[in-house]
Amino acid sequence: MPTLPSQPQSPDVGNEPHRRRDIAESFGADPERYDRARPRYPAALMQRIVADIPGTDVLDVGCGTGIVARQLRAAGCRVLGVEPDARMAEVARKLDVDVEVATIEQWEPGGREFDAVVAGTAWHWVDPVVGAAKAARVLRPGGLLVPFWNVAQLPSELGEAFADVIEREVTGLPFDFRGALTRPALQTYRSGFDKAADGMRAARAFGEPEQWRYDWEFTYTRDAWLDVMPTQGAFTRLPADRLARLLEGVGAAIDAHGGRFTMPYATVAVSARRS
C-alpha cells in the first residue's frame, strides 16, 4: 500500500491538501505507534543533505516524532523541529529532539538561520508558496530546501485485495483509493512534486529545483504492516470497531499471500538551493 496515496496526505489528493488540518493533525492519536511503525529514510539521502549544505543547522518541518531529526542528528547535524501536533512533539522531546509547536506558516524564527530546511513526508501539509517563502527567510545563502517523500508501490495482487477491504470498511474517501493502491505510485505523486517545485520558484530566492531519487525495499510481515496502517491518515480517525475489522480483513489478505510481502520504495526529494 503506498505510504501517501493510501491516505489523504498524498501530494495528489485534492488541489490544496495543506488546508485539511483535520487530517494533518490526526497523526498524534497514537504517536508511539507512529514512531515505531513508520518507515525511515535512506541513509544515502541523509548523507547527501549533509554533504550539500554549508553548515550543520537544520530545520525539520512537520517533524512528527522526530524520525528525520534523529537520522540527521546521527549524521552530524543540529536539528530543530517544528510540529503542529503537540502530542507528536511530546514524543519527539522524550526522544531528545528539540521541537517547537506550530505550523511552519505561523512559526516565528526569531532571527535564527539554518543551512537546510527539510520535510520528511510532510511538505504536502504546507502551503507550498508560503512554506518556500518562510524557508527562504530562514536559510543562509547556499542552504537547501529539501522536502522528500517515501513513495511505496504495493504488489498488484495485494493492492486489489486491500482495496476490497478498505472500500467495505471506509466510507467517504476524498479520492480514488483503488486507483491509488493499484496504479504506478510515482504517477500519483508527480503533481505533488511539481507543486513543491513551483512553490520554490514562486519564492524567487532559489535556484532551479531538482529531484533526487533513492530506490530501496522493505519486507513486511503481517503484523508489521498492520502496525503501519493505523498511522495512515485515512484510518487515524476510524472508530475502533471499524479499524479492527479493517485490520482483520487486510491481515487475512496478507495471510493468503504467504504472511509477508516485499514493498518497493522510491524516496524522492525536491531540492533547491538558496541564492
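Predicted model: local features only at pLDDT ≥ 70, side-chain atom pairs only at ≥ 80, totals over all residues.
Residues are numbered from 1 along each chain as its sequence is written, and side-chain values use heavy atoms, with hydrogens and water left out.

Now show both helices whole: α6 covers residues 128-138 and α9 residues 185-203. Helices (H or I, at least four residues) and strands (E, at least two) are DSSP runs, numbered from the N terminus. The axes of α6 and α9 come within 8 Å and cross at roughly 50 degrees; axes are lines fitted to C-alpha atoms, for helices over the stretch in contact, and angles run from 0 to 180 degrees between N-to-C directions. The two helices are therefore oblique to each other (under 35 degrees counts as roughly parallel, over 145 as roughly antiparallel, 65 to 115 as roughly perpendicular and the rest as oblique).

Next, look at what α6 lies across: β1 (57-61), β4 and β5, with the helix running at about 140 degrees to β5. Select β4 (residues 114-120) and β5 (residues 139-152), parallel strands joined by six bridges. Val 118 stands opposite Val 146 in β5.

Widen the view to the open sheet of seven strands, in the order β3-β2-β1-β4-β5-β7-β6, with mixed pairing (two strands pair if DSSP finds at least two bridges between them). At its edges are β3 (98-101) and β6 (210-221), each with a single partner strand, so one side of each has no neighbour in the sheet.

For the next stop, pick helix α7 (residues 156-169) and helix α11 (residues 240-256), which pack at about 160 degrees with their axes 9 Å apart. They are therefore roughly antiparallel to each other. Among the residues making the contact are Phe 162 and Val 165 of α7, and Leu 246 and Val 250 of α11. The contact holds nine nonpolar, one polar and three charged residues.

Technical notes: Contact = heavy atoms within 4.5 Å. Nonpolar A, V, L, I, M, F, W, Y, C, P; charged D, E, K, R; others polar.
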